[in-house]
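User: I am new to this structure and would like to learn how to read its features. Could you guide me through them?

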Amino acid sequence: MNFDILEEIEEITTNTNYIIEIYKNTSIICSGNMKYKINKSAKNIIDENCKNFGSTLKGRIDSAKSKTNFKYKTPIILSEQLKLVLFPIGNYENAQNAWFSLKTIANYRSIKNGKTEVRFTNGLVEEFDFSYYRFKNQYIKAMSLYMKYYDRQFAQQIIFN
């Protein structure tokens, strides 16, 4: 498969579907229907984007943990304004970790050989080499963070407006 090679980090946007580290310090960003190969780890890409939005990955993880009490593989809110919630499939430190954007997932299902098929809101459908149950658990954690943060925010708007 051919990819555009990027030297600088592409900003994670509302069109970003996922970031997967394919081997040490080399990742693929799928944004819309385009894929870009970047010579950085998924963790570094996300950390740089967190800094663009005013925090660090560690700061975003700590904030999410305080809202949810999740102990590991905690999803993060990358941008409060854009409602961008990202969730990891594996441990943050693992090479070949994958991060998905909650905003772009239309649905997902279990398929043969223990893989997971994900359909994105733009119509893109891809298979991934991790279990449906692992993906589902992380998706639910991300949805829980989203609901805790934005339900609280919505309630404050009603009270103070």
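Predicted model: local features only at pLDDT ≥ 70, side-chain atom pairs only at ≥ 80, totals over all residues.

User: How many residues does helix α2 have, and what span should they cover?

Analyst: Helix α2 comprises 12 residues, 57–68, and at 1.5 Å a residue these should span 16 Å. The C-alpha atoms at its ends are 16 Å apart, which agrees.

User: Which residues of α2 are buried?

Analyst: Buried means under 20% relative accessible area. In α2 this applies to L57, R60, I61, A64 and T68. Viewed down the axis of α2, the buried residues fall within an arc of 100°, so they line one face of the helix. On the face turned away from that buried side, α2 carries the exposed residues K58 and S66. Just after α2, N69 adopts a positive phi of about 65°.

User: In which sense do strands β8 and β9 pair?

Analyst: β8 (residues 105–111) and β9 (residues 115–120) pair in the antiparallel sense, over 6 bridges. Y108 stands opposite V118 in β9, and I105 has F120 as its bridge partner in β9. The two strands form a hairpin with 3 residues between them; in the turn, N113 has a positive phi of about 60°.

User: Which strands stand at the edges of the sheet?

Analyst: The open sheet consists of 3 strands in the order β8-β9-β10, with antiparallel pairing. β8 and β10 (125–128) stand at the edges; each has a single partner strand, so one side of each is left without a neighbour in the sheet. Neighbouring strands of this sheet are turned by 20° against each other on average, direction ignored.

Key
Residues numbered from 1 in each chain as written. Heavy atoms only, no water. Helix = DSSP H or I, 4+ residues; strand = E, 2+ residues; numbered from the N terminus. Expected span 1.5 Å × (residues − 1). Buried < 20%, exposed > 50% of the residue type's maximum accessible area, 1.4 Å probe, protein only. Arc of directions from axis to C-beta. Pairing = 2+ DSSP bridges. Axes fitted to C-alpha atoms, helices over the stretch in contact; angles between N-to-C directions.
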